[in-house]
Amino acid sequence: MMAGYYELKLAKNGEFFFNLVAGNGQNILKSEMYSSRGAAENGIASVQKNCSDADRYECKASGDDKHYFVLKAANHQVIGQSQMYTSESGCDNGVESVKTNGTSTDIRDLTKG
């Protein structure tokens, strides 16, 4: 299976964000918005550092019976959020996928359009 990778992107409002993409092409984690490229790159480094630690994940339920998780840094700041899953087991599988793919050093800069 192909390894995961990060996509560094520029939002329409000029802010930066990144996605962690699994080897199968599925987007498994989306970051917060950052005011600078450097801050977004630091966010990627934080995912790389924290993704192996089970204590950094928090699974949550949304109002419409969907499940998602957030990945937090050591200071409890949210680094990224998953997509919505229809079940808790889907959420758990998503966490495992981020643990597997989050250490990737493959960062694809998509900010140049």
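Predicted model: local features only at pLDDT ≥ 70, side-chain atom pairs only at ≥ 80, totals over all residues.
Residues are numbered from 1 along each chain as its sequence is written, and side-chain values rest on heavy atoms, with hydrogens and water left out.

Helices (H or I, at least four residues) and strands (E, at least two) were taken as DSSP runs numbered from the N terminus, and two strands were treated as paired if DSSP finds at least two bridges between them. Seven strands form an open sheet of mixed pairing, in the order β4-β5-β6-β3-β2-β1-β7. Because β4 and β7 (107-109) each have a single partner strand, one side of each is left without a neighbour in the sheet. From one strand to the next, the twist averages 30°, where axes are lines fitted to C-alpha atoms, for helices over the stretch in contact, and angles between N-to-C directions run from 0 to 180 degrees. Helix α2 (residues 88-101) packs on the sheet and touches β2, β3, β4 and β5, contact being defined as heavy atoms within 4.5 Å. The direction of α2 makes about 30° with that of β5.

Strand β1 (residues 5-10) runs parallel to β7, to which three bridges join it. Y6 has I107 as its bridge partner in β7 and L20 as its bridge partner in β2. The pairing of β1 with β2 is antiparallel and extends over six bridges. In the hairpin of these two strands, five residues lie between β1 and β2, and G14 takes a positive phi near 90°. Strands β2 and β3 are likewise antiparallel, with three bridges, and L20 stands opposite L29 in β3. Five residues also separate β2 and β3 in their hairpin, where G25 in the turn has a positive phi of about 90°.

Six of the six residues of β2 are buried, so this strand is largely enclosed by the rest of the structure; buried denotes under 20% relative accessible area, exposed over 50% and partly exposed in between (1.4 Å probe, protein chains only). In a regular strand the side chains alternate between the two faces of the sheet. In β2, F16, F18 and L20 point one way, and F17, N19 and V21 the other.

Aromatic pairs were assigned to rings of Phe, Tyr and Trp (its six-membered ring) with centres within 6.5 Å; planes under 30 degrees apart count as stacked, over 60 as edge-to-face and the rest as tilted. By this rule the count comes to four aromatic pairs. The rings of F18 and Y34 are stacked, because their centres lie 6.2 Å apart and their planes stand at 15°. F18 belongs to strand β2 (residues 16-21) and Y34 to the loop between β3 (27-31) and α1 (37-50), 16 residues apart. Both F18 and Y34 are buried. Y57 and F69 form an edge-to-face pair, at 5.9 Å centre to centre and 65° between the planes. Since Y57 lies in strand β4 (residues 57-61) and F69 in strand β5 (residues 67-72), the pair ties together parts 12 residues apart in sequence. Y57 and F69 are both buried. Ring pairs also link Y6, F18 and Y34 into a cluster.

A charge was taken to sit over a ring if NZ of Lys or CZ of Arg is within 6 Å of the ring centre and within 35 degrees of the ring normal. The charged end of K30 sits over the ring of F17, 4.3 Å from its centre, and R108 lies over the face of Y5 at 3.6 Å from the ring centre.
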